[in-house]
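This report is meant for someone meeting the structure for the first time. Please look over the sequence and the model before reading on.

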Protein chains: 4
Amino acid sequence: MHIGLIGLGKMGGNMRSRLRAQGIEVTGFDRNPDVTDVATVAEMVAALPAPRTVWVMVPAGAITDAVIGELNELLEPGDLVIDGGNSRFTEDFKHAELLGTKGIDYIDAGVSGGVWGRENGYGLMVGGSAAQVERVMPVFDALRPDGPREEGFVHVGEVGAGHYAKMVHNGIEYALMQAYAEGYELLDARSDLIKDVPGTFKAWQRGTVVRSWLLELLVRALDEDADLSDIEGYVDDSGEGRWTVEEAIANAVPVPTISASIFARFVSRQDDSPAMKAVAALRNQFGGHEVKKAEG
Amino acid sequence: MHIGLIGLGKMGGNMRSRLRAQGIEVTGFDRNPDVTDVATVAEMVAALPAPRTVWVMVPAGAITDAVIGELNELLEPGDLVIDGGNSRFTEDFKHAELLGTKGIDYIDAGVSGGVWGRENGYGLMVGGSAAQVERVMPVFDALRPDGPREEGFVHVGEVGAGHYAKMVHNGIEYALMQAYAEGYELLDARSDLIKDVPGTFKAWQRGTVVRSWLLELLVRALDEDADLSDIEGYVDDSGEGRWTVEEAIANAVPVPTISASIFARFVSRQDDSPAMKAVAALRNQFGGHEVKKAEG
Amino acid sequence: MHIGLIGLGKMGGNMRSRLRAQGIEVTGFDRNPDVTDVATVAEMVAALPAPRTVWVMVPAGAITDAVIGELNELLEPGDLVIDGGNSRFTEDFKHAELLGTKGIDYIDAGVSGGVWGRENGYGLMVGGSAAQVERVMPVFDALRPDGPREEGFVHVGEVGAGHYAKMVHNGIEYALMQAYAEGYELLDARSDLIKDVPGTFKAWQRGTVVRSWLLELLVRALDEDADLSDIEGYVDDSGEGRWTVEEAIANAVPVPTISASIFARFVSRQDDSPAMKAVAALRNQFGGHEVKKAEG
Amino acid sequence: MHIGLIGLGKMGGNMRSRLRAQGIEVTGFDRNPDVTDVATVAEMVAALPAPRTVWVMVPAGAITDAVIGELNELLEPGDLVIDGGNSRFTEDFKHAELLGTKGIDYIDAGVSGGVWGRENGYGLMVGGSAAQVERVMPVFDALRPDGPREEGFVHVGEVGAGHYAKMVHNGIEYALMQAYAEGYELLDARSDLIKDVPGTFKAWQRGTVVRSWLLELLVRALDEDADLSDIEGYVDDSGEGRWTVEEAIANAVPVPTISASIFARFVSRQDDSPAMKAVAALRNQFGGHEVKKAEG
């Protein structure tokens, strides 16, 4: 099988390597001349056998829009576009409709695994028609981890379902990380009693209820920096976490741990908290409690 | 009526003033010679008519314990001790038992109102026997705000009930403050659209669902400092908020807003968050996301 | 002054009464022939002096859209539409643009006060141009509570700012209600100790830090039904609370108490919780903990 | 090595089996004559070589207290008691002091693994002196999972540290379970889009960031009951989760996801929510919103 792949950054570049290692022919395009296989998207399209399959792996939003717009110009009826980026599932409806007008098929693929995917394979959640999913199954099989297909790949439903499942996956991921982090902070706070915090996490890797891949990664991090003194507690967040809460609210689903995880990240990035200024001001007003004066 | 009052700090001093203004005779003791009426607790006790009433208004914990221990030595059967401080309700059981062995009565009184109480009166929640509460009703009537007695005073139940109600009062207070503070931060975040944040809070004082005394205090604070730029978002917490959550957990009562309010205060006092260091470390491990290096 | 008022339901009908009592002439239209002053919107428009002012007080969303569409047909350049309903602030941008194309002005007005507004007046937060706000100030003055204008009315900013402020007001309102409710449940859980829950809330009305209008309403509710035994713990939510959380997330503002309040309402409406089924299933899997079998 | 084991229930019985399979001689005592090896604790003690080692595996609280009290009578200086149950770490201080007076040593051991431990081994977190831990290492090695010792066993610190680490482990566990459960509910809520919820969880087992043992257990549960229709969303909680929040509060550590997990369990067990009754009552008071009448 021979596919096109647009976007050869951290994720796309690794995916090209894994696909080729698994026997899939890949013609990759990237704006960065150091990594691209071809000079233009058009050249990439020209290199592919019809019906063509193009995997898009670029930042969600305007860039994905632009790439899919360009593909809509260049591809032909019967071709297929797969968006493997972190697009919101509502974008899939729009992209599928645009391409569909011209007879081009569309699959959305949620991809998990980060920098480890090249070696371990990527967890895949896809949305689209059964026929199209079947057609590119060799690509999915090349990307997914070894083992039974159903343990690393799922056809979740029609267009949008793949990114929806990936969105929920990431929402869960946020809360899992926060859970371990709260436990870490509590152990760390009792250094009078807990004499080996890294060793405790290490010992949780086998036999316990909390064992997981994220735990193993935390063990690695603590191996490198036992008290995380080199790292600042500043955490970005990406779209999926936010969208998960928005979807939860739209569907009246309570998500207290997922939302708490996101709020903790928001706070982590604030130099000072307007909300807590207001609480400090209130305490001062009713109780005469001293406030900390901001430094000029 | 003539009572003793131990503790003449910010709260106790104001209470002495209000009691006297309302016609209650007060002999006050404080370690601070500038404010005390008598040189020793013994001297205060000697000045009181039997059966004596002594109101204790000192910091909860060891100091309250010591004062009540001393009173247990000095007072006689039939006398009455009122703990008006911020003691945990479980302390009341202990104090009532100690004094009771000697035939001394005990009332716990939760007192709300802060620095405004001298002028406005104090909200009172008391626990103890009906007979004792009745006996010192003139004192409660002098301290409570004008208006119907039942709108500023309640006999909640037996010993401990007064402080329990005050504890819950403060738990609610924490969440109310946090609620306004979250709204403040959100309005503040949209300064492109919201051109008058202080004016918005000011306008909520009449007719709206959110009008309250705390809102009025926030309006005062914003009058003094329209964007709270002089105040740091650093907020202490006292025992009552914590005890409220502990009691909630002990009684299987979900208190998501009260606990969130307390956690927000904890975070406000951290230079850096160990938990968020752990999350940052995890993201770096699985996704290669950059971390902010802590400054040496 | 003479204005048109579309929508004479619970809110609109009361507002008509208050406006007339304050000397504002009102021609009201409602689909319900029992309450309307005129048979059609066109008839209402015909009755108004130019430049006309029409206050829209109908359900947010499709109905408001339809009414504003109809007014766009019937009104003339220089006329003014005020949306006093619970529209999302983003709708205001759309409505102002539509009407603006034809030279019709637009103001959004957030209105708080519920069924009490007719007597007490309504808290008002408005968005629009200074000139238009000035022009209809007699209407705002008639609707707002007695007292200083700035304590019941605010011109928050340009179009959209009024509804935005009202949205945040309602988000705060949700958390305030939840705060009192958590305190209520905790007092209720300790009926062994707390012998007078309604009396405790009643006594918080004067002197305490938590006194507020919502507290007074809770006192009224407990006067009518001391243990709320006639009421089911089932709580709806409207758009403003959800939008507040969405806006908070879009602006990276942590709102733990507001979101917790909404989640509590979601849970209150569930017959059974899919999430808690999953937790029960997990406990059964790892610990052999018994699950409650669902009844067939 | 030959040890005594008190408590042969679900956990203790399995541990006896695993210990024997690994070559440790065990004399077990249980009140249940069907499973016990000896008729009395005294008989068990008599059967053990000095210095004796007795592992206690009974319910935390009064029963553990009683067993340790009995052992204090029966054992001799130089003997060792290991509490492997779910005792609060503060109990360990008490038990170590009691036994220590008589020269009997004490180790607290947090044990994770549930019903799977017999086959997979148990994750172990222990507190006590290095010399004692070393002495019974063969027992720990027999109980812990295969693989490197440090991945299934940790000597956390002095007495109490083992149960403390286990307490935090369980707090994390609560939040992890809640995280998956929230994701499950959100996927379930969009059955219009998500056509294979069990398949989605199954596919997360390899390559994804959220893969874990708990995820595998959820997959098993969904294999048995694809929509969990046989299970009621009713979830108990045990001491460790509550203690984790109490400890967090005592140490000013924010634990929003762990507390949210516990509150969700509290709610799951309520027939009706007093708090939500209060919110419903409030909405009715200010907005005239209808309440659901409780059924007589």
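This is a predicted model: local features need pLDDT of at least 70, side-chain atom pairs count only at pLDDT 80 or more; totals for chains, interfaces and linings use all residues.

Chain A contains 13 helices and 7 strands, and its C-alpha trace extends over about 75 × 45 × 40 Å along the principal axes. Of the 296 residues in chain A, 62% count as buried, while the chain exposes about 10,200 Å², with 47% of that supplied by carbon and sulfur atoms. When contacts in chain A between residues at least 6 apart in sequence are considered, 65% of them join residues at least 24 apart.

The next part concerns the interface of chain A with chain D. The size of an interface is often given as the accessible area lost when the parts come together. Chain A and chain D bury about 6,000 Å² between them, and 69% of this area lies on carbon and sulfur atoms. Within the area that chain A buries against chain D, A:Leu186, A:Arg206 and A:Val209 supply 12%, which is more than any other three residues.

| Item for chain A and chain D | Value |
|---|---|
| Residues of chain A in contact with chain D | 73 residues |
| Residues of chain D in contact with chain A | 73 residues |
| Salt bridges | 4 salt bridges |
| Residue pairs in polar contact (both at pLDDT 80 or more) | 21 residue pairs |

A salt bridge joins A:Glu247 to D:Arg190, with the closest N and O atoms 3.0 Å apart. Several elements of chain A give two or more residues to the side that touches chain D, among them α4 (89-101), β6 (123-127), β7 (153-157) and α11 (239-250). The element that gives the most to this side is α8(A), with 18 residues. By residue type, the side of chain A that touches chain D divides into 36 nonpolar, 23 polar and 14 charged residues.

Is B:Gly160 buried or exposed? B:Gly160 counts as buried because its relative accessibility is 0%, and the cut-off for buried is under 20%. Apart from its neighbours within four places in sequence, B:Gly160 is in contact with B:Phe89, B:Asp92, B:Phe93 and B:Asp108, and also with C:Leu193 of chain C. The C-alpha atom of B:Gly160 is separated by 9.5 Å from that of B:Ser87, although these two residues are 73 residues apart along the chain.

Notes: Residues are numbered from 1 along each chain as its sequence is written. Chains are lettered from A and ligands numbered from 1 in the order in which they are written. Side-chain values use heavy atoms; hydrogens and water are left out. Contact means heavy atoms within 4.5 Å. Buried area is the accessible area (1.4 Å probe) that two parts lose on being put together, summed over both. A salt bridge is a side-chain nitrogen of Lys or Arg within 4 Å of a carboxyl oxygen of Asp or Glu. A polar contact is a pair of N or O atoms within 3.5 Å; within protein, one must be able to donate a hydrogen and the other to accept it, and residues adjacent in sequence count only if both atoms are side-chain atoms. Helices (H or I, at least four residues) and strands (E, at least two) are DSSP runs, numbered from the N terminus. Ala, Val, Leu, Ile, Met, Phe, Trp, Tyr, Cys and Pro count as nonpolar, Asp, Glu, Lys and Arg as charged, and the others, Gly among them, as polar. Buried means under 20% relative accessible area, exposed over 50%, partly exposed in between (1.4 Å probe, protein chains only). Accessible areas come from the Shrake-Rupley method with a 1.4 Å probe; for residues, only the protein chains shown count as cover.
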